[in-house]
Amino acid sequence: MLTNGPSSAAVLAERLELTPAAVRRHLDHLLEEGLAEAREERVYGPRGRGRPAKVFVLTDSGRHAFHQAYDDLATTALRFIAEAGGDAAVTEFARRRVAEVEDRYAELLAAAPDDQKVEVLAQALSVDGYAASTLQAGAGEQLCQHHCPVAHVAQQFPQLCEAETEVFSRLLGKHVQRLATIAHGDGVCTTHIPGQALKSEPVSPVSDSESARTAR
């Protein structure tokens, strides 16, 4: 669930090559421990007919079991920066934080063909712990980050997400659009990257499970 995002029991059983009964036992344990929760599948855009599917997602406690041990320290530091220098100081900090990452990624994308740049970016993000994948959507692509190491901090300081989006835009040479973020309660951070043609075509919404399947 960390790597692939919100998933149904059936999808988990297929992915892990376990029986549905075995998956249910694991899910029941995670639910009892407060490490996961069940919710209706979130659909971005018009909802179709029928009852929404039930998917399982990690809670904040579940995410904390991974690489988020320094959230409290980071939040305290950013609060100090905000009190001392205001929102502008936090924005500048966020931009400096991603500057080194941008330099590393720029070298990788410069060597990639235009039609593979988004995929190369996703691979680089995955190496850094974001469990990223890509999805074709309308005339463009969607970059899906199934994990965010700073999600808990970004809930209070959205400048972190904004700086990251600016980096994506510069690296890809396009105006990208952030559609969803884990920090705001979505299952996946989703960024739309327009294609070269048919740029006026509306973005095709995707559900949590559709984004999750791209990481399989």
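Okay, a definition to begin: a residue is buried when its relative accessible area is under 20%, exposed when that area is over 50%, and partly exposed in between, using a 1.4 Å probe and protein chains only. Take Glu 17, which is exposed, with a relative accessible area of 72%.

Now, what are we looking at? This is a predicted model, so local features need a pLDDT of at least 70 and side-chain atom pairs count only at pLDDT 80 or more, while totals for chains, interfaces and linings use all residues. Residues are numbered from 1 along each chain as its sequence is written, and side-chain values use heavy atoms, with hydrogens and water left out.

About that confidence score: pLDDT is the predictor's confidence in each residue, from 0 to 100. The chain has a mean of 83, and 81% of its residues reach 70 or more. Residues 197–205 fall below 50, and beyond near neighbours in sequence that stretch has 15 contacts in the model. A contact, by the way, means heavy atoms within 4.5 Å.

On to the overall layout. You'll find eight helices and six strands here. Both are DSSP runs numbered from the N terminus: helices are H or I with at least four residues, strands are E with at least two. Walking along the sequence, you get α-α-β-β-α-α-α-β-β-α-α-β-β-α. Of the 216 residues in the chain, 44% are buried. And if you take contacts between residues at least 6 apart in sequence, 57% of them join residues at least 24 apart.

Let's zoom in on helix α4, residues 71–110. How far does α4 span between its end C-alpha atoms? Only 33 Å, whereas a straight helix of 40 residues would span 58 Å at 1.5 Å a residue. That expected span is 1.5 Å times one less than the number of residues. Look at Gly 85 in your viewer: a kink of about 130 degrees in α4 is centred there. The bend at a residue is the angle between axes fitted to the seven residues ending there and the seven starting there. Buried residues of α4 include Leu 78, Val 90, Ala 94, Val 98, Tyr 105 and Leu 109.

Next is α5, residues 117–127, where Lys 117, Val 118, Val 120, Leu 121, Ala 122, Ala 124 and Leu 125 are buried. Here's a handy bit of background: an α-helix has 3.6 residues a turn, so residues three or four places apart point the same way. What covers the buried residues of α5? The cover includes α4, β3, β4, α7 and β6.

That leads us to the core. A nonpolar core is a set of buried Ala, Val, Leu, Ile, Met, Phe, Trp, Tyr and Cys residues joined through side-chain atoms within 4.5 Å. The largest one has 34 residues, and Leu 121, Leu 125, Leu 143, Leu 160 and Leu 172 touch the most other members. Two or more residues each come from α4, α5, α6, α7 and β6, and α7 gives the most, with seven. Setting aside neighbours within four places in sequence, Leu 121 is in contact with Tyr 105, Leu 109, Leu 143, Phe 168, Leu 171 and Leu 172. Another core, of six residues, lies apart from this one, and Leu 12, Ala 13, Val 23 and Leu 27 are among its members.

Now the strands. Two strands pair if DSSP finds at least two bridges between them. β3 and β4 pair in the antiparallel sense over six bridges, and five bridges join β4 to β6, also antiparallel. Six of the six residues in β4 are buried. The β3–β4 hairpin has two residues between the strands, and Gly 138 in this hairpin takes a positive phi near 60 degrees.

Which way do two non-glycines go? Back to Glu 17, in the loop between α1 and α2: its phi is positive too, about 60 degrees. Ala 131, in the loop between α5 and β3, has a positive phi of about 45 degrees. Glu 17 is exposed, but Ala 131 is buried, with a relative accessible area of 17%.
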